[in-house]
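The sequence and structure come before the details.

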Amino acid sequence: MTIITLLLLLLLLLLLLLLLLLLLCLSSTPALRAQIPDTLRSKTDTIAIQNPNHQKIEKATGIVVPSLMVAYGASSFFCDGIRQVDYNIDNRLHIHGYIWHSKADNYIQFVPAAAAFAMKLAKVESKNNLLDMTIIYALSGGLTAGIVTATKALTSRERPDNSDDNSFSSGHTATAFAAAEFLHQEFGHRSIWISIGGYTVAMMVGASRIFNDKHWLSDVIAGAGIGIFPQKPYIGYTRISKQCTIKIFESNKLAFPPFLSKEAGG
């Protein structure tokens, strides 16, 4: 297997991932603005009512895509063919001198999330307010870190450079894809190119981990799936938050007990 074939295989896998994410973006329908009073609208950013069909597609895709990616990575532990692809790519990169040593991915992994907060501070309309965005990113980031830490401890796979046994799964890739999913959830409704940009950066981080000789291909694909998966607590939190906000402000009736004083007499 030549290096050109191996690089083409890697490119095809990345293009397949991008295609699946594009289908997710294209399958979504514009959100319908909720018919709520102006007083409520001023208290929250944007509250939308989603089409039921869109919700089903989003839910199904959000489960299927990352599950397939994690399944591919996990199968490398018992499928010799998939594991051999890992070895072949790493061997060819070494033979042809394509291994580099760069720490740029330590910072690039956070770029999609940084872009999301920068757009919010620049007053670009997002699905949630700044406080909710911060809580959501913390929740999804915490879940991603927890899953990655657990998989590293359970599998103890040695890295391609033999530096340690924390190869599976790729934490950098998981963090980058969690950030890209966060950007997509908040601003993907504004333009599909925002989502594409975020996921392109995430894929660059995944590829960098392979060329840095820190991860096998299966580690990276599994890490990407783990990073995308935290949209579940994301959707759950936003749904609960918005329902609570609507109930509080739509009622517009805050009852206070009568103020008792000597002058008023109760």
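## Overall composition

In this predicted model, 41% of the 266 residues in the protein are buried. The accessible surface of the protein amounts to about 14300 Å², and carbon and sulfur atoms account for 67% of that surface.

The protein has 11 helices and 2 strands. Read from the N terminus, the order of elements is α-β-α-β-α-α-α-α-α-α-α-α-α. Of the contacts between residues at least 6 apart in sequence, 77% link residues at least 24 apart.

## The loop between α7 and α8

Helix α7 covers residues 130–155 and helix α8 covers 171–187, with S169 in the loop between them. The peptide bond that joins F168 to S169 is cis, with omega at about 0 degrees.

## Positive phi values

Two residues to check for positive phi are S156 and N162. S156 lies in the loop between α7 and α8, and its phi is near 50 degrees, a positive value in a residue other than glycine. N162 also lies in the loop between α7 and α8; phi of N162 is near 60 degrees, again in a residue other than glycine.

Which accessibility class does S156 fall into? The relative accessibility of S156 is 39%, so S156 counts as partly exposed. The relative accessibility of N162 is 52%; exposed means over 50%, and therefore N162 counts as exposed.

How values were computed
Residues numbered from 1 in each chain as written. Predicted model: local features only at pLDDT ≥ 70, side-chain atom pairs only at ≥ 80, totals over all residues. Heavy atoms only, no water. Helix = DSSP H or I, 4+ residues; strand = E, 2+ residues; numbered from the N terminus. Buried < 20%, exposed > 50% of the residue type's maximum accessible area, 1.4 Å probe, protein only. Contact = heavy atoms within 4.5 Å. Areas by Shrake-Rupley, 256 points an atom, 1.4 Å probe, with all protein chains shown as cover.
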